[in-house]
Amino acid sequence: MKTAVKRIGKVVLVLLAAVVLLVGGYVGYLQGQYNRIADHETLAVTSRIEGQALQPGKEYSAATYNVGFGAYTPDYTFFMDEGMMNDGTPTKGEHGIAVSRESVEACTMGAVKVLADLNADFMLLQEVDEDSTRSWNVNQELAFVNAFPDTAFTYAVNFHTGFLAYPWPEMHGIVNSGLLTLSRFDIESAERRSYPIDESFITKFFDLDRCFAVHRLPVANGKELVLINSHMSAYDAGGRMRAQQLAMISGVLAEERAKGNYVIAGGDWNHALCDSAKLYPSEQQLPGWVSIIGPDDVPEGFHVVRPDNLSSVATCRGADIPYEPGVDYVTTIDGFIVSDNVSARAQNVDTGYAYSDHNPVKLTFSLKK
């Protein structure tokens with residue numbers, strides 16, 4: 001009996017040692033794969049148009065759209081999203097990857113159609129995957145670029161990681177994702193700015209290399225339109241990192257306005273905009289991830305453009321439960337911040353969250369003479 005117990009004990013010890021080595025090796029692999037992209041990286045501008053300057057007083061349009069790596073059909077839920085029903089029932093998303101390649105392709109082409117219908121001069125897209133496990137290796141960047149051939153474009157990487165073996169069994173895998181900006185007008189130069197992020201262990205592997213892309217476009221009066229595509233952190237308890245990120249981009253906005261430039265910043269702010277945190281009917285409690293951008297949170301001389309239909313159309317749904325109007329928590333976290341030398345109005349675009357957990361926002365604007 002003692003001999004048998006000793007043998008079992010040895011087997012258990014061997015198994016434990018194997019697990020420790022496996023976990024240690026995996027952690028070492030993730031750490032070895034981890035690297036932050038340096039701030040002030042010059043972005044390549046691919047131009048397929050003849051250069052032309054913007055005209056003060058003329059009307060233009062821009063759209064921002066987080067396309068959700070092609071995963072978010074209305075019934076899709078994401079493993080990192082958590083919430084609470086009004087009766088106290090906790091909720092949590094399920095999936096780590098899109099349900100199928102066909103679903104990603106359908107959502108991507110659906111988003112292409114939405115953008116084509118909006119017919120905007122500038123398109124600011126977030127969560128555009130190139131070659132990622134979570135999106136079945138569909139090259140979304142190429143799909144959008146091919147769909148809009150008469151544009152100049154840039155791509156700023158904001159999420160790249162080694163294989164994430166979580167959650168089980170739908171492991172998130174390898175992620176290569178970024179911000180895609182398309183323009184029907186000449187982009188003279190572009191730069192990637194690195195947001196501060198939480199670099200604590202584990203967290204950094206899921207929220208890697210947040211950034212914003214700064215584009216400079218010539219204006220006929222000698223000034224520049226500074227067009228910014230931004231995507232702030234989401235899973236940030238208490239909004240600590242988002243506060244630092246907001247401070248950083250606010251400094252850039254103020255600096256560019258002080259130069260006399262026109263400034264438009266759009267994207268997924270991951271903050272409730274325009275007092276929308278509790279604006280829409282829902283059977284869920286206010287989620288812990290909600291932070292707020294108020295009038296005092298933007299630099300002097302700037303404002304968040306309040307959509308004309310804000311009260312009836314939100315831009316983001318919680319992905320902890322399948323989408324059901326009036327049940328899911330929704331708010332507006334996508335939109336535009338503009339300088340006071342830009343006249344602008346906006347509309348949230350109701351897609352019913354058919355292709356993403358976000359709705360696009362369209363901005364119509366002119367540069368003041």
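**View 1. Asn 119 is partly exposed, at 44% relative accessible area.** With a 1.4 Å probe and protein chains only, buried means under 20% relative accessible area, exposed means over 50%, and partly exposed is what lies in between. Look for Asn 119 in the loop between α2 and β6. Its phi is near 55°, which is a positive value in a residue other than glycine. As for the names, helices (H or I, at least four residues) and strands (E, at least two) are DSSP runs, counted from the N terminus. This is a predicted model, where local features need pLDDT of at least 70 and side-chain atom pairs count only at pLDDT 80 or more, while totals for chains, interfaces and linings use all residues. Residue numbers start from 1 along each chain as its sequence is written, and side-chain values use heavy atoms, with hydrogens and water left out.

**View 2. Trp 136 has a positive phi too, near 55°, and is not a glycine either.** Here we're in the loop between β6 and α3. Trp 136 counts as partly exposed, with a relative accessible area of 35%.

**View 3. Seven strands make an open sheet with mixed pairing.** Reading across, the order is β2-β7-β8-β6-β3-β18-β17. The edges belong to β2 (46-47) and β17 (342-348); each has a single partner strand, so one side of each is left without a neighbour in the sheet. Pairing here asks for at least two bridges between two strands, as found by DSSP.

**View 4. Inside that sheet, β3 and β6 pair in the parallel sense.** To find your place, pick Tyr 65, which stands opposite Leu 125 in β6. Helix α2 (residues 101-118) packs on the sheet and touches β3, β6 and β18 (361-367), a contact being heavy atoms within 4.5 Å. The direction of α2 makes about 165° with that of β3; the axes are lines fitted to C-alpha atoms, for helices over the stretch in contact, and angles run from 0 to 180 degrees between N-to-C directions. Helix α3 (residues 140-147) packs on the sheet as well, touching β6, β7 (152-164) and β8 (173-183), and its direction makes about 155° with that of β6.

**View 5. The loop between β7 and β8 holds Pro 167 and Pro 169.** Going from Tyr 166 to Pro 167, the peptide bond is cis, with omega near -5°. The bond from Trp 168 to Pro 169 is cis as well, with omega near 0°.

**View 6. Asp 39 and Arg 193 form a salt bridge, their closest N and O atoms being 2.8 Å apart.** Asp 39 sits in the loop between α1 (2-33) and β1 (41-42) and Arg 193 in strand β9 (residues 189-194), so the pair ties together parts that are 154 residues apart in sequence. A salt bridge here is a side-chain nitrogen of Lys or Arg within 4 Å of a carboxyl oxygen of Asp or Glu. Asp 39 is partly exposed, at 31% relative accessible area, whereas Arg 193 is buried, at 14%. Searching the whole structure turns up 13 salt bridges.

**View 7. Arg 345 reaches Glu 59 in a salt bridge, with the closest N and O atoms 3.3 Å apart.** Since Arg 345 lies in strand β17 and Glu 59 in strand β3, this pair ties together parts that are 286 residues apart in sequence. Arg 345 counts as partly exposed, at 42% relative accessibility.

**View 8. Glu 105 and Arg 101 form a salt bridge, with closest N and O atoms 3.2 Å apart.** Both partners belong to helix α2; they're 4 residues apart, which means a separation of about one helical turn. Glu 105 is partly exposed, with 35% relative accessibility, and Arg 101 is partly exposed with a relative accessible area of 35%. Elsewhere, salt bridges that share partners link Arg 216, Glu 224, Glu 256 and Lys 259 into one network.

**View 9. Asp 129, in strand β6, is buried at 0% relative accessibility.** Its side chain makes a polar contact of 3.4 Å with that of Ser 132. Such a contact is a pair of N or O atoms within 3.5 Å; within protein, one must be able to donate a hydrogen and the other to accept it, and residues adjacent in sequence count only if both atoms are side-chain atoms. Leaving aside residues up to four places away in sequence, Asp 129 touches several others, including Phe 69, Arg 134, Tyr 155 and Asn 176.
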